[in-house]
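Let's walk through a structure together, one feature at a time. Take a look at the sequence and the model first.

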Amino acid sequence: MKKMSEEKHVVFRLGKESYSMDIEYVKAIEQQYMIIPLPEAPEHIKGMINLRGEIIPVYSLRSRFQMEEMERSAENQLLIAKAGVVQLAFEVDAVVGIETIEPQQKKEVPVVVRGEATSYIGGILNVRDQMVIEISITNIMSESEWEDIEQLMKENME
């Protein structure tokens with residue numbers, strides 16, 4: 001029986017750091033994909049993928065976190081996540097696994113770190129004695145960035 005506040009998270013790597021997303025938002029994990037570049041796309045959008053007939057923008061967490069973009073490797077995966085009406089594919093270096101997070105494993109973001117630039121941090125998790133930064137999908141972008149992506153999707157669906 002599931003406890004009231006336990007959560008499941010997809011844990012993944014970007015560089016040497018570990019991050020997670022609540023599995024509630026993650027619809028799929030894709031290994032095989034081809035990103036179609038989009039000229040004049042909103043910031044941090046690498047392009048789009050066609051996933052079983054559905055066009056989904058690919059968001060670069062590396063770009064968002066000011067990390068160097070890397071050559072794609074066999075380990076790279078996409079987390080297909082849905083926030084509101086928009087589906088996004090987040091390119092990650094590698095998915096580590098799916099973890100059950102108990103309430104005592106999740107801490108709030110320290111006040112000193114909180115701010116507009118770090119609003120994407122949903123919490124700090126302790127997973128197997130490692131610090132994992134939880135990414136809040138709904139806060140990864142500003143409202144205007146979400147609107148830009150919705151507009152981009154409308155334009156590319158016509």
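**Reading the model, step by step**

Q: Where do we start, and is S6 mostly covered or mostly open?
A: Mostly covered: 6 of the 7 residues in S6 are buried. Buried means under 20% relative accessible area, exposed means over 50%, and partly exposed is in between, with a 1.4 Å probe and protein chains only. Strands here are DSSP runs of E with at least two residues, helices are runs of H or I with at least four, and both are numbered from the N terminus.

Q: Before we go on, what should I know about the model itself?
A: This is a predicted model, where local features need pLDDT of at least 70 and side-chain atom pairs count only at pLDDT 80 or more, while totals for chains, interfaces and linings use all residues. Residues are numbered from 1 along each chain as its sequence is written, and side-chain values use heavy atoms, with hydrogens and water left out.

Q: How many helices and strands are in the chain?
A: The chain has 2 helices and 11 strands. Following the sequence, you'd read the pattern as β-β-β-β-β-α-β-β-β-β-β-β-α. The radius of gyration is 16 Å, close to the 15 Å that the globule rule gives for 158 residues, so the chain is as compact as a globular protein of that length. That radius is taken over C-alpha atoms, and the globule rule is 2.2 Å times the number of residues to the power 0.38.

Q: How much of the chain is buried?
A: Buried residues are 47% of the 158 residues. As for contacts, meaning heavy atoms within 4.5 Å, look at those with a separation of 6 or more: 56% of them are between residues 24 or more positions apart.

Q: Which strands does S6 pair with?
A: S3 is joined to S6 by 4 bridges, running antiparallel, and Val26 stands opposite Ala81 in S6. S6 is also joined to S7 by 7 bridges, again antiparallel, with Ile80 partnered by Ala89 in S7. These two strands, S6 and S7, form a hairpin with 2 residues between them, and Gly84 in the turn has a positive phi of about 65°.

Q: What about the sheet of 6 strands: what is its order?
A: The order is S8-S1-S2-S11-S10-S9; this sheet is open too, with mixed pairing. Strand S1 (residues 7-14) runs antiparallel to S8, with 7 bridges joining them, and Phe12 stands opposite Val95 in S8.

Q: How do I spot aromatic pairs, and how many are there?
A: Rings of Phe, Tyr and Trp (its six-membered ring) pair if their centres lie within 6.5 Å; planes under 30 degrees apart count as stacked, over 60 as edge-to-face and the rest as tilted. A search of the whole structure turns up 4 aromatic pairs. Take Tyr59 and Phe90: their ring centres are 5.6 Å apart and their planes at 65°, so this pair is edge-to-face. Both residues, Tyr59 and Phe90, are buried. In Phe65 and Tyr120, the ring centres are 4.7 Å apart and the planes at 35°, so that pair is tilted. Ring pairs also link Phe12, Tyr19, Phe65 and Tyr120 into a cluster.

Conventions. Pairing = 2+ DSSP bridges.
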